[in-house]
There are 8 protein chains.
Amino acid sequence: MENFEDLGFSKVDYGREKRQGFPEVIYGEGKTIEQIEPIMEKLIEKHGKVMVTRLDKEKGESLVSTFPLAHYDYTARILLYGKPENYYGGEVMVVCAGTSDLFVAEEAAITAEWMGCKVKRLYDVGVAGIDRLLAFREEITNADVLIVIAGMEGALPSVIGGLVQRPVIAVPTSVGYGAHLQGITPLLAMLSSCSSGMSVVNIDNGFGAAYQAALILKLVSEGVNHEIVIS
Amino acid sequence: MENFEDLGFSKVDYGREKRQGFPEVIYGEGKTIEQIEPIMEKLIEKHGKVMVTRLDKEKGESLVSTFPLAHYDYTARILLYGKPENYYGGEVMVVCAGTSDLFVAEEAAITAEWMGCKVKRLYDVGVAGIDRLLAFREEITNADVLIVIAGMEGALPSVIGGLVQRPVIAVPTSVGYGAHLQGITPLLAMLSSCSSGMSVVNIDNGFGAAYQAALILKLVSEGVNHEIVIS
Amino acid sequence: MENFEDLGFSKVDYGREKRQGFPEVIYGEGKTIEQIEPIMEKLIEKHGKVMVTRLDKEKGESLVSTFPLAHYDYTARILLYGKPENYYGGEVMVVCAGTSDLFVAEEAAITAEWMGCKVKRLYDVGVAGIDRLLAFREEITNADVLIVIAGMEGALPSVIGGLVQRPVIAVPTSVGYGAHLQGITPLLAMLSSCSSGMSVVNIDNGFGAAYQAALILKLVSEGVNHEIVIS
Amino acid sequence: MENFEDLGFSKVDYGREKRQGFPEVIYGEGKTIEQIEPIMEKLIEKHGKVMVTRLDKEKGESLVSTFPLAHYDYTARILLYGKPENYYGGEVMVVCAGTSDLFVAEEAAITAEWMGCKVKRLYDVGVAGIDRLLAFREEITNADVLIVIAGMEGALPSVIGGLVQRPVIAVPTSVGYGAHLQGITPLLAMLSSCSSGMSVVNIDNGFGAAYQAALILKLVSEGVNHEIVIS
Amino acid sequence: MENFEDLGFSKVDYGREKRQGFPEVIYGEGKTIEQIEPIMEKLIEKHGKVMVTRLDKEKGESLVSTFPLAHYDYTARILLYGKPENYYGGEVMVVCAGTSDLFVAEEAAITAEWMGCKVKRLYDVGVAGIDRLLAFREEITNADVLIVIAGMEGALPSVIGGLVQRPVIAVPTSVGYGAHLQGITPLLAMLSSCSSGMSVVNIDNGFGAAYQAALILKLVSEGVNHEIVIS
Amino acid sequence: MENFEDLGFSKVDYGREKRQGFPEVIYGEGKTIEQIEPIMEKLIEKHGKVMVTRLDKEKGESLVSTFPLAHYDYTARILLYGKPENYYGGEVMVVCAGTSDLFVAEEAAITAEWMGCKVKRLYDVGVAGIDRLLAFREEITNADVLIVIAGMEGALPSVIGGLVQRPVIAVPTSVGYGAHLQGITPLLAMLSSCSSGMSVVNIDNGFGAAYQAALILKLVSEGVNHEIVIS
Amino acid sequence: MENFEDLGFSKVDYGREKRQGFPEVIYGEGKTIEQIEPIMEKLIEKHGKVMVTRLDKEKGESLVSTFPLAHYDYTARILLYGKPENYYGGEVMVVCAGTSDLFVAEEAAITAEWMGCKVKRLYDVGVAGIDRLLAFREEITNADVLIVIAGMEGALPSVIGGLVQRPVIAVPTSVGYGAHLQGITPLLAMLSSCSSGMSVVNIDNGFGAAYQAALILKLVSEGVNHEIVIS
Amino acid sequence: MENFEDLGFSKVDYGREKRQGFPEVIYGEGKTIEQIEPIMEKLIEKHGKVMVTRLDKEKGESLVSTFPLAHYDYTARILLYGKPENYYGGEVMVVCAGTSDLFVAEEAAITAEWMGCKVKRLYDVGVAGIDRLLAFREEITNADVLIVIAGMEGALPSVIGGLVQRPVIAVPTSVGYGAHLQGITPLLAMLSSCSSGMSVVNIDNGFGAAYQAALILKLVSEGVNHEIVIS
């Protein structure tokens with residue numbers, strides 16, 4: 001039973017790095033400081049690094065005082081400890097539609113960087129001002145993987161999806177009101193997109209999008225297992 | 001009680017032309033041929049013209065055999081009898097995102113024409129191929145009122161709304177599947193749009209959009225009641 | 001790249017006035033004072049005026065202390081700086097169903113005025129007391145564009161829509177409880193209205209309704225691009 | 001166990017007349033002819049009369065051939081056998097908004113008549129033509145109980161509820177499309193009504209509304225159990 | 001224009017008593033003290049009495065200090081001023097399923113009393129302990145009108161509806177969690193009830209149920225307009 | 001890899017009997033005759049028996065012609081082949097609210113019998129006629145496990161749950177209309193029940209309820225693994 | 001009327017122990033201290049024990065100061081007074097997917113213990129680390145009844161349901177965000193599970209799951225009423 | 001305007017191959033044969049190949065008779081014409097939970113093959129029989145990109161997501177009933193997954209998942225634009 005350690009209220013998953021390529025990340029929401037601290041200790045002991053997401057300011061600052069080598073990012077609400085073991089070639093472009101979406105965009109950008117990816121940020125290029133977006137058309141088509149973040153009606157990934165030949169991961173945000181339904185509307189809109197080659201993660205889930213983007217660049221770095229076939 | 005005629009199952013609204021500027025239009029869905037015929041007769045008698053919307057093929061052809069001067073449009077599922085009394089200056093542009101949205105686009109276009117408006121059609125310019133759309137940027141910015149129709153994620157009105165300084169009426173369609181929820185998704189998306197100056201009508205309601213567009217051009221033709229104020 | 005200025009977290013859209021007829025308006029919700037201030041500065045520098053919507057009292061007062069020429073409206077939660085460049089003929093009538101809808105009605109009225117329109121207010125004329133509404137029938141039919149605001153079941157726009165030959169823009173509000181679903185019910189009801197010539201904007205979106213109303217009066221003032229056609 | 005008879009697949013409820021004032025009514029939907037016939041026989045034997053609701057044309061005609069004294073109404077989809085035992089004073093007014101709502105209106109009207117009530121029908125007086133409705137204001141205020149039926153946005157009961165001092169039972173219908181959600185929208189709208197004194201039944205449930213209206217007139221006829229109190 | 005008084009933000013509806021049988025009631029939610037006070041003054045001046053519903057404790061106590069003759073009920077969150085003008089025969093029974101539903105039950109009971117009805121309270125008789133309910137079977141069948149209030153699954157009105165021959169007005173409450181959806185579940189359940197003769201009002205709307213109950217007893221007291229017919 | 005057999009489009013799960021106590025059951029919906037036949041053959045070969053659920057009439061009769069020893073039940077839409085290997089003590093009582101719920105009740109009853117349980121049926125005892133239900137109170141309290149099935153508002157399990165000290169498994173059905181939402185309403189209502197000791201399965205899932213009931217009686221027959229503890 | 005005691009606002013149900021096998025449990029949410037205290041007193045007087053669920057910290061500590069023999073559990077938010085009268089053989093295993101689900105898991109565990117069951121806890125074994133779960137496969141298959149708790153996508157019960165031949169009661173939790181819809185998503189997912197033998201309780205309803213688990217072990221202890229039948 | 005050809009009802013997008021890496025694919029649903037044929041002709045003329053998705057049997061066979069070199073797949077409902085221009089290294093594994101999900105799995109597999117990818121199929125390995133799934137653990141961890149398809153509760157992608165370090169694209173299907181909501185439930189469940197590195201496409205959208213998988217393998221084949229950075 002070497003793959004995890006049983007703390008009773010938690011079973012720390014040491015096997016995740018081997019199975020999934022990256023060590024366990026702690027989802028901070030709904031956990032107390034008393035629960036997070038021992039899990040952090042175990043993961044630092046095992047992997048020399050750890051990331052905690054969805055951590056409010058109060059908990060973040062408390063943990064920094066316990067782990068002085070950790071860094072807390074206020075916008076992304078992420079606690080970081082340690083550095084990437086591997087760096088991957090390629091670039092993840094994080095695009096967001098509006099200034100209010102920054103907290104999700106930074107969660108994505110910081111996660112991808114922490115997992116070893118180069119990140120390029122392109123913020124506040126929503127479709128209501130299409131010229132702003134098209135001014136960056138070259139940068140957009142040069143990106144290797146794109147994370148496209150939008151609240152409101154969530155139209156931005158559809159437009160970008162139609163401009164590129166690289167995978168687009170769309171992230172709806174909870175920014176909006178009324179018919180926006182706390183993000184359900186852009187979520188459903190992105191899933192119904194007329195653009196091909198796009199997939200979607202949960203509302204405000206910048207972390208999840210970055211995780212998949214990193215897996216893609218990791219695959220590029222490591223190469224595929226199977227040769228080209230010509231049927 | 002000169003403003004309507006009581007047929008028992010229906011009260012034909014003769015006053016609508018005076019009150020609303022256009023005679024009553026018959027909503028065909030859920031009405032039998034036996035109900036539509038006498039209402040048509042009364043309206044033709046009174047106004048010399050009538051339009052029936054949401055009419056299936058079978059009913060449409062049956063009514064044409066009774067009213068040989070009527071014309072039935074198979075795509076728009078509309079029956080027309082007579083011509084506009086007034087013609088309005090300006091142009092309504094009807095834009096749609098995909099070929100599958102044609103039945104709504106034609107409902108809008110035919111309604112607007114029948115109400116006395118010039119109509120320009122621009123079809124199949126969805127946001128996944130933004131260059132197709134931008135190829136018509138000049139025509140789009142020249143339109144006086146725009147009806148923008150889209151199924152799937154309903155992103156097209158947001159992009160067009162950001163390009164023009166004229167009123168945009170957005171129409172979501174029932175074209176899509178799964179997370180599209182029979183049009184609820186583009187409906188909510190359009191209502192959550194980041195573009196200003198846009199309003200929305202019911203799913204597949206090309207008629208309603210055209211009606212409002214015609215009211216706008218009618219207002220332009222007739223002029224406003226109130227002078228410019230400088231506060 | 002003269003059409004916008006890149007502040008990193010925001011790309012200020014200088015081109016909007018040319019494209020859309022009015023300069024960019026700042027949506028205050030979800031933005032910090034630190035983000036709003038530089039955007040305001042840039043827009044004032046460029047256009048000599050700016051409006052910020054959805055601004056809570058605390059932020060509003062803070063910004064007024066920074067921009068002493070600005071005015072903050074507590075009911076509408078809007079910050080205004082500067083005056084309209086153009087004034088348009090015609091009158092926007094803002095009608096609301098109940099006293100509790102005032103915050104939306106004032107958002108609409110102040111926006112329309114700031115965009116150069118004459119506004120007439122008619123408040124607390126909900127359909128449960130139809131005589132109150134009909135007492136103003138002449139004023140209502142004389143309006144050039146109508147913004148009709150209602151919470152609860154959202155019936156008011158349907159009644160008014162049947163009385164006038166001018167465009168009606170309906171605004172559902174979040175005023176109600178239970179089956180009202182924070183405004184989803186009047187939103188869906190207005191979209192399902194039996195009145196023709198009506199379109200709908202998002203819940204509590206007085207700003208959006210006013211914006212479209214102003215575009216309509218602007219079109220009247222400037223005239224249409226296309227002549228009358230008689231087919 | 002004299003209160004019901006056990007047919008295995010059904011327990012015919014003989015006690016309902018004593019408990020509830022009217023004998024059991026058969027809900028036809030989802031029952032086979034083989035199930036309905038023996039239940040009808042038992043109820044006719046016991047009470048000399050029976051009503052079957054929600055019966056499609058094919059089953060209706062089949063049952064009429066078995067029970068030649070029965071009458072099948074094609075609009076209301078109701079089978080009637082026998083006559084009321086008691087007649088109640090007062091008048092139930094059945095009002096509906098549009099011609100397409102007739103199938104619900106007739107279900108209500110026929111049920112109320114069969115339960116011993118005088119019924120007055122007022123059809124096609126939707127709020128988009130408020131003058132048509134107000135032309136009947138005197139008849140409406142004279143009714144003793146009102147059943148008000150509407151599809152689309154379901155606004156009619158709110159307007160009528162504000163005109164009368166008698167109980168209004170609102171019935172939403174499945175007539176509409178898109179945002180109307182098969183009647184959920186007018187249902188929620190009626191429940192959120194700003195008019196007092198209104199209650200609501202299920203979508204298309206003309207039967208249920210008539211049943212409650214009849215209970216009210218029955219109470220009037222029989223008088224209350226408790227004297228007036230002055231506290 | 002004697003039927004209402006225009007305060008600008010509010011049009012006080014003096015005609016409501018004549019039209020609807022009871023003077024206007026003030027819905028307190030979303031109104032400020034500054035708005036409620038002048039409306040109260042006008043209504044007291046005109047009718048000598050007024051009721052304000054949905055009033056939180058703070059506003060309630062503030063208004064009592066301004067209107068010392070008023071009484072504020074903490075459970076029902078209602079402010080009362082004055083007494084009924086008329087008293088009606090018959091008894092409204094207010095039944096509720098659980099102790100947590102009391103705030104709705106008292107809103108109903110106090111409203112009905114204030115409108116001139118005798119009220120009997122039967123609380124905490126939910127269907128999970130059917131013997132508690134049946135212990136009061138005689139009282140229940142003796143009631144003239146029943147208001148039945150339940151949260152959770154909302155089953156109580158169905159059981160009571162099957163026991164009586166008097167009108168049952170069902171009120172779902174917001175008491176519950178999870179799948180209860182803040183009262184939407186019992187609301188939909190009550191609308192889908194297998195019991196006949198039941199109608200439903202909005203979630204937590206004790207006021208609305210009492211209002212309709214009072215209209216029914218008022219009708220009994222005043223008698224119907226139309227004679228018995230035997231067709 | 002002895003635990004299943006790979007047919008390509010299907011992996012027949014031979015290990016299920018050992019793991020779960022009963023062999024695999026075939027869910028017929030969405031499978032073609034060409035897919036069901038080979039799976040049936042494999043399961044009969046391995047276990048000497050098989051059950052196919054959710055099988056329409058046409059497929060059922062076709063399979064009976066292929067497997068003459070099989071029996072197809074038209075009400076439950078189940079195909080049976082073979083007999084139980086084990087019989088368990090105790091009795092499953094299947095209770096349903098209305099005659100229209102029979103198709104679900106029989107799915108439950110036949111499944112439980114086929115799994116080796118004694119079944120007692122009690123049909124058409126909905127809460128609108130509580131006396132019919134209470135006439136069987138002794139039988140109900142004597143049952144060892146209860147499956148309680150209801151459409152409409154789904155109130156029956158709450159009432160029965162309050163009468164017994166045995167596990168109640170509630171099954172909502174798709175019988176109803178309008179606010180019933182194809183069974184979502186009774187589903188949510190049962191989950192929100194005020195009765196303790198109740199759990200719920202999917203809409204119309206008589207099979208699943210019977211499966212769990214059989215597991216409970218199997219546990220009784222086999223006895224528990226752990227002794228009584230007194231802490 | 002010996003089966004309950006009428007406190008006016010509450011009818012304490014003394015008959016519940018006889019009818020349902022366990023005395024009444026107090027649902028603390030929405031009840032005031034002033035309401036809970038007398039109910040507790042009555043139940044302690046009658047049964048010598050009582051449990052209060054869904055009690056916040058403040059109320060819990062207040063009640064402990066009034067009833068010093070009571071114990072308040074901060075994680076489960078439960079107040080306990082007294083001990084089980086009977087102990088049952090067998091073991092309830094409480095499994096949860098993540099550390100954030102602990103508050104529900106402990107509600108279940110403490111309830112089951114208080115009702116006389118032996119409980120085994122297995123926490124933080126969500127399906128994303130399937131090896132952690134399978135490391136406990138033997139313990140899982142040895143359990144007599146399983147309560148399986150999960151938030152997020154709620155997949156854990158499906159996996160465990162496929163591993164055991166004992167009843168599985170699934171509990172969705174409100175732990176998650178966005179598309180998780182406060183627990184509606186895992187609730188619906190568990191109801192749609194492909195595993196047989198599973199039933200579901202309301203979101204966060206650890207109490208309800210434990211109650212049914214205890215009823216099952218009670219049935220095992222007491223034995224069934226009906227003999228084995230071989231048809 | 002060389003990038004598209006305007007057929008009036010359709011603008012054939014020749015630029016898509018350059019922009020997005022693959023030529024336009026025709027979405028067959030809602031298009032008539034008369035619309036599909038000329039678009040096919042244009043695309044074959046330009047690219048020598050074309051794919052039409054969501055094509056029913058009748059249209060499929062009709063098009064094959066017009067284009068004899070085309071092949072129609074009955075399970076996937078896809079029409080293929082021509083072969084891939086490029087073949088990519090790596091392997092897409094298409095995994096599905098049940099036999100009823102085959103129509104989606106084949107849409108994915110055929111699309112990926114047609115876009116030049118090697119595909120490995122692993123069907124009917126749903127989580128209720130976890131041993132069947134784990135028997136293929138090595139194959140699963142060896143895949144380069146995984147498309148994981150499931151109806152019902154949609155748990156399979158979460159389990160697989162926890163086993164691999166390669167991108168997982170999850171596809172919910174419309175296979176299920178009741179609480180499954182035509183696929184909305186597994187869609188929401190997959191979006192709420194506790195596994196990292198997963199993204200989701202629309203219900204039944206095997207095509208979209210395959211498209212993104214092909215873009216990932218294309219990126220691997222072509223290599224990234226940006227070098228490794230070590231910050």
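Let me start with one side chain. H:Arg132 is buried, at 4% relative accessibility. Buried here means under 20% relative accessible area, exposed means over 50%, and partly exposed lies in between, with a 1.4 Å probe and protein chains only. Its partner is H:Asp124, and the two side chains meet in a salt bridge at 3.9 Å, N to O. H:Asp124 is buried too, at 8%. A salt bridge is a side-chain nitrogen of Lys or Arg within 4 Å of a carboxyl oxygen of Asp or Glu.

Some ground rules. This is a predicted model, where local features need pLDDT of at least 70 and side-chain atom pairs count only at pLDDT 80 or more, while totals for chains, interfaces and linings use all residues. Residues are numbered from 1 along each chain as its sequence is written, chains are lettered from A and ligands numbered from 1 in the order in which they are written, and side-chain values use heavy atoms, with hydrogens and water left out.

Back to salt bridges. How many does the structure hold over all chains? The total is 96. In chain B, B:Glu106 bridges to B:Arg121, with the closest N and O atoms 2.8 Å apart. B:Glu106 sits in helix H4 (residues 102-114) and B:Arg121 in strand E8 (residues 118-123), so the pair ties together parts of chain B that are 15 residues apart in sequence. Helices (H or I, at least four residues) and strands (E, at least two) are DSSP runs, numbered from the N terminus. B:Glu106 is buried, at 13%. B:Arg121 is partly exposed, at 35%.

In chain A, the side chains of A:Glu113 and A:Arg121 form a salt bridge at 3.1 Å, N to O. A:Glu113 is partly exposed at 32%, and A:Arg121 is partly exposed at 33%. There is also a network in chain A: salt bridges link A:Asp13, A:Arg16 and A:Arg19.

Now the sheet in chain F. It is open, has 4 strands in the order E3-E4-E6-E5, and its pairing is mixed. Its edges are strand E3 (26-27) and strand E5 (71-73), each pairing on one side only. Strands pair if DSSP finds at least two bridges between them. E3(F) and strand E4 (residues 50-53) of chain F run parallel over 2 bridges. F:Tyr27 stands opposite F:Thr53 of E4(F).

Which helices pack on that sheet? Helix H2 (residues 33-47) of chain F lies across E3, E4 and strand E6 (78-81), at about 150 degrees to E4(F). Helix H4 (residues 102-114) of chain F touches E4, E5 and E6, and its direction makes about 15 degrees with that of E6(F). Axes are lines fitted to C-alpha atoms, for helices over the stretch in contact, and angles run from 0 to 180 degrees between N-to-C directions. Contact means heavy atoms within 4.5 Å.

Next, chain G. In helix H3 (residues 57-66), G:Lys59, G:Gly60 and G:Leu63 are buried. They span an arc of only 100 degrees around the axis, which puts them on the same side of H3(G). That arc is taken from the directions between the helix axis and the C-beta atoms. The cover over these residues includes helix H2 (33-47), strand E5 (71-73) and strand E6 (78-81) of chain G. The face turned away carries the exposed residues G:Lys57, G:Glu58 and G:Ser65.

Chain C has a covered strand. In E10 (residues 168-172), 5 of its 5 residues are buried. C:Val168, C:Ala170 and C:Pro172 take one side, C:Ile169 and C:Val171 the other. Strand E9 (residues 145-150) pairs with E10(C) in the parallel sense over 5 bridges. C:Leu146 faces C:Val168 there.

B:Asp124 is not a glycine, yet has a positive phi of about 70 degrees. B:Asp124 lies in the loop between E8 and helix H5 (130-134) of chain B, and is buried at 8%. E:Arg77 also has a positive phi, about 55 degrees, without being a glycine. E:Arg77 lies in the loop between strand E5 (71-73) and strand E6 (78-81) of chain E, and is partly exposed at 28%.

Last, the assembly. Chain D superposes on chain F by a rotation of 90 degrees with 0.0 Å of shift along the axis, RMSD 0.0 Å. That is a four-fold relation. Copies are superposed by least squares on the C-alpha atoms of residues with pLDDT of at least 70 in both. In chain D, D:Leu181 comes closest to the rotation axis, at 7.6 Å (C-alpha). Chain B makes no contact with chain E, where the closest C-alpha atoms are 20 Å apart. Chain B does not touch chain F, at 15 Å between nearest C-alpha atoms.
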